[in-house]
Amino acid sequence: MKGLFYLIAGSLALIVLSCDPMKNELLVGQWQAFEILEEGETLSIDPAEITITFSEDESYTYKSTLNYQEAGNYYIDSKYLFTMDTVNQASTEKAVEILQLSPDSLVLKMNEGTKERILKLIKVSK
């Protein structure tokens, strides 16, 4: 019985440690893209059209080119940002790698098909 207690307590401790509240705190706010790279080359789209807002209640809104929008819930696990769009019916959970997160900058790495895409953002408001 004691062994089961330690197993459960240890598992809970790992879960708590893997959820870094500091990362969530840094992420909260409105972000504006300033550069988009695909395979190391700058894409010829206006990055100012791309914004992401993360709220303290772990909800987000995303606006992009061609009037694309999504909104839903997010969470951070280790170095990955997971989002689940609750607006579009056929969406699935997405994960992107957080390459950098500071009080004023966010760099995300994602895959667009078979190509690597880097999205660089600055925080425009808390």
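Author: Let us begin with burial: a residue is called buried when its relative accessible area is under 20%, exposed when it is over 50%, and partly exposed in between, using a 1.4 Å probe and protein chains only. Lys109, with a relative accessible area of 27%, is therefore partly exposed, whereas Glu97, at 16%, is buried. The model is predicted, so local features need pLDDT of at least 70 and side-chain atom pairs count only at pLDDT 80 or more, while totals for chains, interfaces and linings use all residues. Residues are numbered from 1 along each chain as its sequence is written, and side-chain values use heavy atoms, with hydrogens and water left out.

Reader: How many salt bridges are there, and which residue forms one with Lys109 at 3.9 Å?

Author: A salt bridge is a side-chain nitrogen of Lys or Arg within 4 Å of a carboxyl oxygen of Asp or Glu, and by this rule there are eight. Lys109 forms a salt bridge with Glu97, where the closest N and O atoms are 3.9 Å apart. This pair links distant parts of the chain, since Lys109 is in strand β8 (residues 105-112) and Glu97 is in strand β7 (residues 94-101), 12 residues apart. Strands here are DSSP runs of E with at least two residues, numbered from the N terminus, and helices are runs of H or I with at least four. Lys109 also meets Glu116 in a salt bridge, at 3.4 Å from N to O, and Glu116 is partly exposed, with a relative accessible area of 33%. Salt bridges that share partners join Glu38, Glu112, Lys115 and Arg117 into one network.

Reader: Which parts of the chain are tied together by the salt bridge of Glu38 and Lys115?

Author: The closest N and O atoms of Glu38 and Lys115 are 4.0 Å apart. Because Glu38 lies in strand β1 (residues 29-38) and Lys115 in strand β9, the pair ties together parts that are 77 residues apart in sequence. Glu38 counts as buried, at 16% relative accessibility, whereas Lys115, at 39%, counts as partly exposed.

Reader: How should I read the pairing of strands, and in which sense do β3 and β4 pair?

Author: Two strands pair if DSSP finds at least two bridges between them. β3 and β4 pair in the antiparallel sense over four bridges, and within this pairing Thr51 stands opposite Lys63 in β4. These two strands form a hairpin with four residues between them, in whose turn Glu58 has a positive phi of about 65°.

Reader: What are the bridges and the turn like where β4 meets β5?

Author: β4 pairs with strand β5 (residues 69-77) in the antiparallel sense over five bridges; among the facing residues, Thr61 has Ala71 as its bridge partner in β5, and Ser59 stands opposite Asn73. Their hairpin has five residues between the strands, and Leu66 in the turn has a positive phi of about 55°. β5 in turn pairs with strand β6 (residues 80-85), again in the antiparallel sense, over six bridges, with Tyr74 opposite Thr83 in β6. In that hairpin two residues lie between the strands, and Ser78 takes a positive phi near 60°.

Reader: Which residues make a patch of negative charge on the surface?

Author: Patches are made of residues with over 30% relative accessible area and no salt bridge, like charges being joined within 9 Å and nonpolar side chains (Val, Leu, Ile, Met, Phe, Trp, Tyr) within 5 Å. Lys and Arg count as positive and Asp and Glu as negative, with His and the chain ends not counted, and a charge is placed at NZ of Lys, CZ of Arg, CG of Asp or CD of Glu. Here Glu25, Glu56, Asp57 and Glu58 gather in a negative patch on the surface. Glu58, in the loop between β3 (51-54) and β4 (59-63), is partly exposed at 34%.

Conventions. Areas by Shrake-Rupley, 256 points an atom, 1.4 Å probe, with all protein chains shown as cover.
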